[in-house]
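Today I'm looking up a few side chains and who they pair with.

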Amino acid sequence: MPRLHASAGFGALLALVLIVGFGAWRYDGFLSEYNVLSVLRYNSMFALVGLGMCFVIMTGGIDLSVGSVAALSSVVAAFLSPYGLLAGLAGGLVAGLAAGTLNGFIISKMKILPFIATLATMLAASGVALLLSNQQSVPASYDTNFMALGQGDFLAYAPEWVNGDEVGFFGSAIRILFGFPIPAWIALIAYLIGSLILNRTPFGRHVLAVGGGEEASRLMGLPTDRTIFLVYVMSGFLAGMAGVILAAQFGAGQPIEGVGWELFAIASVVVGGTLLTGGKGSVGATLVGTLLLGLLFTVLNFENGMGWISLSAYWQSVLRGLFLLVVVLLQSRLTRSATAV
Amino acid sequence: MSSALDNAPAPVPGSVGTPPRTGLVGLLSRRHVGTITALIALLIFNFLFTPHFATMQTLSVNLTQVCVIVIVGVGMTMVIATGGIDLSVGALMAIAGAFAPQIFQGMLFPVPNLYVGIALGIILPVLLAGCFGLFNGWLVANFKVQPIIATLILFIAGRGIAQVWTNGDLQVFKVPEFQQIAIGRVLGVPFQVWIMLVLVLLSAWALQRTVFGRQVLAVGGNEQAAWLAGIPVRRVKLLVYVISGICSGIAGLIVIAMNSAADANLIGMGIELDVIAAVAVGGTLLTGGRATIIGTLLGALIIQLVRYTLLANGVPDAAALVVKAGLIVMAVWLQRQDRA
C-alpha cells in the first residue's frame with residue numbers, strides 16, 4: 001500500500017514540475033517575481049483550507065462547510081479590523097473555531113453523517129455571514145496594520161543592497177525571501193505543523209487509524225470520537241484563518257465569497273493522492289495538489305493573454321470538472337491495482 | 001411479486017422498508033406520523049398568525065415552488081435509497097433548461113412545425129439529462145467512485161457546460177404552447193402539480209411494489225448481501241442515477257417554462273440542498289436501505305412552508321438559511337433516535 005501513496009504523491013509533484021517548466025518555456029513573465037509571489041499570495045488561502053480538508057478526509061469524512069465558514073470569518077475579521085491586527089485575527093479564528101466545534105459536535109456526538117452535518121453548517125454559516133453583514137461586503141480598516149495579514153511581506157526588513165536592479169541571482173533570491181507574502185508564510189508554517197502532527201504525534205496516528213477502520217479503532221480503545229471531533233475543529237480553525245486572509249487580501253469581508261472552495265480543497269487533496277475513503281494521506285502532497293490546481297488556472301490565464309484562444313470564465317468550471325474526473329479515475333485505478341497486489 | 005420477495009436478501013435490522021400495503025393507507029404509513037404532525041402544526045400556525053394565508057393564491061404560490069423540489073426529490077430519494085447521493089441535480093437542470101429553448105425554437109436544427117419542435121424540445125433535453133445521469137452512475141457503479149465525489153464532477157462541470165453552450169446569455173422565449181407544462185391548468189390545478197403527482201405516485205409504487213424497488217432498497221441496506229443474493233447491483237445503481245438525471249431534466253424544463261426564459265447561471269442553483277433536506281426531513285435514511293417518496297413530498301412541503309412562514313412574517317432570507325440548517329440536523333438526528 002505505501003507504493004500507491006508514494007506514486008500518487010510523486011505523480012502530482014511530477015505534474016507540478018512539468019507545468020512550471022511548460023509555463024516558463026511558453027510565457028514571458030511566468031517565473032517573474034511578481035507572478036510567483038502573487039500566485040503564492042492568492043493560493044495560500046486554498047492551501048490552508050486544503051490542509052484542514054486533508055485531515056478530515058484522512059478520517060474518512062468530508063467538510064463541505066469550509067467555504068462559507070471562511071466567508072463568515074472574513075466578515076467577522078473585517079468588523080474587528082479597526083481594533084487592530086490581533087483583534088481581526090482573533091475574531092476570524094474564533095468564528096472558524098466555533099463553526100468547526102459545531103461540526104465536530106454534530107458529527108461525533110450526534111452521529112450524523114459528515115456530509116449532511118457540514119452541509120447544514122455551510123447553510124448556517126452563510127446565513128449568519130449574510131445577517132451580520134446585511135448582505136454586503138464589509139470594508140476592512142486601512143488605518144490599522146490588519147491588511148498585512150493578506151498583503152504584507154517583510155521586504156522593509158531586507159538589506160538595502162538587494163533593492164537595486166543589478167543584484168544578481170543571489171540578491172534576487174534574498175529579495176524574494178523577504179518579499180515572501182505573509183499569508184504564504186502562514187500557510188507554510190501551518191503545513192509544517194500539520195506534517196509534524198500527522199507523522200510525529202499519537203493524534204496523527206489516530207487520524208489514520210480511524211480512517212482505516214472506525215469500528216476497529218474503537219475496539220482497540222483509540223479515542224475515536226475525540227479524534228473525529230478534533231479534525232473538524234482543526235478544519236474550521238484553518239478555514240477561519242483563510243477567511244482572515246481573504247478579508248485582509250481584498251480589503252473587505254466577503255459574505256458571498258467561498259462558494260466552491262470546498263470543491264477546490266477536495267480536488268487538491270485528491271490530486272495529492274490522499275485516499276477519499278480515508279486511512280491514507282499526506283500533508284505535503286496536498287500542498288503540491290493545491291499549487292498544481294492553482295498553477296493550472298494561472299496557465300489558463302496566461303494562455304488567454306496570448307490571444308491564441310479565448311476561453312471564457314465558464315470554461316474554467318468545465319476544465320475543473322474534467323481535471324477532477326481524470327484524477328478520480330486515476331485514483332480508482334491505483335486503488336484497485338494496489339488492493340489487487 | 002412474491003418471487004421478488006423470496007429473492008430478497010435476509011433483512012438487515014432497521015434497514016429494510018416496511019412491508020408493502022395496499023392503496024393510500026399503505027403509502028401513508030405510520031412512520032409519516034411525525035412528519036404529518038409537523039406539517040399540520042405549521043399549517044395551524046400560519047392560519048392563526050400569517051395574514052392572507054388561507055387564500056387560493058398562497059396555495060398556488062407554495063405549490064408551484066414545491067413542485068420542482070419534489071420532482072428532483074423523487075430521483076434523489078431513489079439515489080439515496082441505494083446509499084448514494086446526487087449533487088449534480090441543479091447542474092443537470094441547467095443543462096436541460098439551456099438546451100430546450102434552442103431546440104423548440106429551431107436554432108439547433110430545423111423543426112417541421114411548432115408541435116414537433118416542442119415534443120423534441122421536451123424529450124431530447126430530458127434524455128440528455130438522463131445521459132449525464134448515466135455518466136454519474138457509470139462512475140459510481142463501474143469505478144467505485146464515492147457518489148459524493150462522482151457527482152461533484154458534474155456539479156462543477158455541468159453548469160459550466162450549459163454556460164459555455166449559451167455563452168452565459170439569458171434566452172428569452174415566448175412559446176405559450178411549451179409553457180403549458182408549467183402554467184397550464186387542468187381541473188384548476190397547475191399542470192406541473194399534475195406532473196409532480198404522477199411522478200410521486202409512480203415512483204412510490206415502483207419503490208414499494210416492484211422488483212426494482214426492492215432491489216434498490218436491498219442495495220442500500222447491505223450492498224454485499226444484495227450482491228451475494230444475486231441482485232444486479234451495478235445495474236440498479238446505474239438506473240437510479242439515470243432516473244435522478246431524468247427527474248432533474250423535467251424539473252429544469254418546468255423552471256424555464258415558468259419563467260419563459262432560460263438562464264444557465266441560475267436554473268436549479270443550490271437546489272441540491274433543498275432536495276436533500278426534503279428527503280432527510282421526509283424520513284428517508286441517508287445511509288440507504290429505507291426510503292419513502294411520500295415522505296419526500298411531505299418533507300418538501302414542510303421546508304417550503306417553513307420558508308414561507310418566515311418570509312411572510314418578516315424574517316430575512318438569511319435567517320431562513322440558519323433555520324433550514326437546524327431543521328436538517330434535527331430531522332436526521334430524530335431519524336437516528338427512531339432507529340436506535
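**Entry 1: a threonine.** I started with A:Thr298, whose side chain reaches the backbone oxygen of A:Gly294 at 3.0 Å. A:Thr298 sits in helix α13 of chain A, residues 283-306. Helices here are DSSP runs of H or I, at least four residues, numbered from the N terminus. I noted that A:Thr298 is buried at 11% relative accessible area. Buried means under 20%, exposed over 50%, and partly exposed in between, with a 1.4 Å probe and protein chains only. Leaving out residues up to four places away in sequence, A:Thr298 touches A:Phe30, A:Asn35 and A:Val39, where contact means heavy atoms within 4.5 Å.

**Entry 2: ground rules.** This is a predicted model, so local features need pLDDT of at least 70 and side-chain atom pairs pLDDT 80 or more, while totals for chains, interfaces and linings use all residues. Residues count from 1 along each chain as its sequence is written, chains are lettered from A and ligands numbered from 1 in the order written, and side-chain values use heavy atoms, without hydrogens and water.

**Entry 3: cysteines.** How many disulfides are there over all chains? I got 0, taking a disulfide as two cysteine sulfur atoms within 2.5 Å. I checked B:Cys247: its closest cysteine sulfur, in B:Cys67, is 13 Å away, too far for a bond. B:Cys247 is buried, at 3%.

**Entry 4: salt bridges.** My search of the whole structure found 7 salt bridges over all chains. The rule is a side-chain nitrogen of Lys or Arg within 4 Å of a carboxyl oxygen of Asp or Glu. In one of them, A:Lys111 pairs with A:Asp225, closest N and O atoms 3.0 Å apart. A:Lys111 is in the loop between α4 and α5 and A:Asp225 in helix α11 of chain A, so the pair ties together parts 114 residues apart in sequence.

A:Arg218 and A:Glu214 also form a salt bridge, at 2.9 Å. Both lie in helix α10 of chain A, 4 residues apart, about one turn of the helix. I also found a network of salt bridges linking A:Lys111, A:Glu214, A:Glu215, A:Arg218 and A:Asp225.

**Entry 5: over in chain B.** Are B:Asp274 and B:Lys324 buried or exposed? Both are buried, and their side chains meet in a salt bridge at 2.4 Å, N to O.

How values were computed. Helices (H or I, at least four residues) and strands (E, at least two) are DSSP runs, numbered from the N terminus. A polar contact is a pair of N or O atoms within 3.5 Å; within protein, one must be able to donate a hydrogen and the other to accept it, and residues adjacent in sequence count only if both atoms are side-chain atoms.
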